[in-house]
Amino acid sequence: MSHRTPLLCLTLGFIALCYAGCDRETAGIAGSSEPPSMKTASMALRASDVSVDGPIAAAPGCSDTARIAFARSQELVTELRFDDFRASAKPYIATLRSMLPLDRKFADSSISAEERAQYLELDTTKNAQWRAVWKCIYEERWSIEDRGAMMQWLLFESNG
């Protein structure tokens, strides 16, 4: 079993945000100041519905409209108003990148007991960091387009 939970979680969250229209109203928490849970945002898909075999890139056969929309979302996140989002995501991305070699060892079953302990410690850190990023993404000031752009940016940045 491959352990790609950070990437899978981001993928599911992005898909739920952009394609299932998951925002505050559809997530059932209209007027709430709390962000929806990751479970709420990813309920639209099961983990078995998504296959990820490496860094995500524009799929062959993507329409020009989809490519333009993707390029726009990547450009959007570089705007100054996203500085605090990028700053809150920086530790999370660093932790994800440090976990990649251990993820590969988990995948091919060559991980040692010490590396497994290190991985579990990093995973706990990553989960705490993700909560801070998730809270930032669901601040009232962001539109659904902004949130989708942030999720895409996270996907690509976390893959190095």
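Helices α5 and α6 pack with their axes 10 Å apart, at an angle of about 150 degrees; axes here are lines fitted to C-alpha atoms, for helices over the stretch in contact, and angles run from 0 to 180 degrees between N-to-C directions. The two helices are therefore roughly antiparallel to each other, on a scale where angles under 35 degrees count as roughly parallel, over 145 as roughly antiparallel, 65 to 115 as roughly perpendicular and the rest as oblique. From α5 the contact draws on W130, V133, W134 and I137, and from α6 on R147, M150, M151 and L154, where contact means heavy atoms within 4.5 Å. Sorted by class, these residues are 7 nonpolar, no polar and 1 charged. Ala, Val, Leu, Ile, Met, Phe, Trp, Tyr, Cys and Pro count as nonpolar, Asp, Glu, Lys and Arg as charged, and the others, Gly among them, as polar.

The model is a predicted one, in which local features need pLDDT of at least 70 and side-chain atom pairs count only at pLDDT 80 or more, while totals for chains, interfaces and linings use all residues. Residues are numbered from 1 along each chain as its sequence is written, and side-chain values use heavy atoms, with hydrogens and water left out.

The chain has 6 helices and 0 strands, helices (H or I, at least four residues) and strands (E, at least two) being DSSP runs numbered from the N terminus. Of its 160 residues, 35% count as buried; buried means under 20% relative accessible area, exposed over 50% and partly exposed in between (1.4 Å probe, protein chains only). Among contacts with a separation of 6 or more, 76% come from residues 24 or more positions apart.

Helix α5 (residues 113-137) also meets α4, the axes coming within 9 Å and crossing at roughly 150 degrees. That makes α4 roughly antiparallel to α5. The residues of this contact divide into 14 nonpolar, 6 polar and 6 charged. With 66% relative accessibility, S109 counts as exposed.

A further partner of α6 is helix α3 (residues 64-76), which packs against α6 at an angle of about 85 degrees with the axes 8 Å apart. That makes α3 roughly perpendicular to α6. Here F70, R72, S73, Q74 and L76 of α3 meet E145, D146, A149, Q152, W153 and F156 of α6, giving 5 nonpolar, 3 polar and 3 charged residues.

Rings of Phe, Tyr and Trp (its six-membered ring) pair if their centres lie within 6.5 Å; planes under 30 degrees apart count as stacked, over 60 as edge-to-face and the rest as tilted. By this rule the count comes to 6 aromatic pairs. One of them, F85 with W153, is edge-to-face, at 5.5 Å centre to centre and 65 degrees between the planes. This pair links distant parts of the chain, with F85 in helix α4 (residues 83-107) and W153 in helix α6 (residues 144-158), 68 residues apart. F85 is buried at 0% relative accessibility, and W153 is buried as well, with a relative accessible area of 12%. The rings of W134 and Y138 have centres 5.2 Å apart and planes at 45 degrees, so this pair is tilted.
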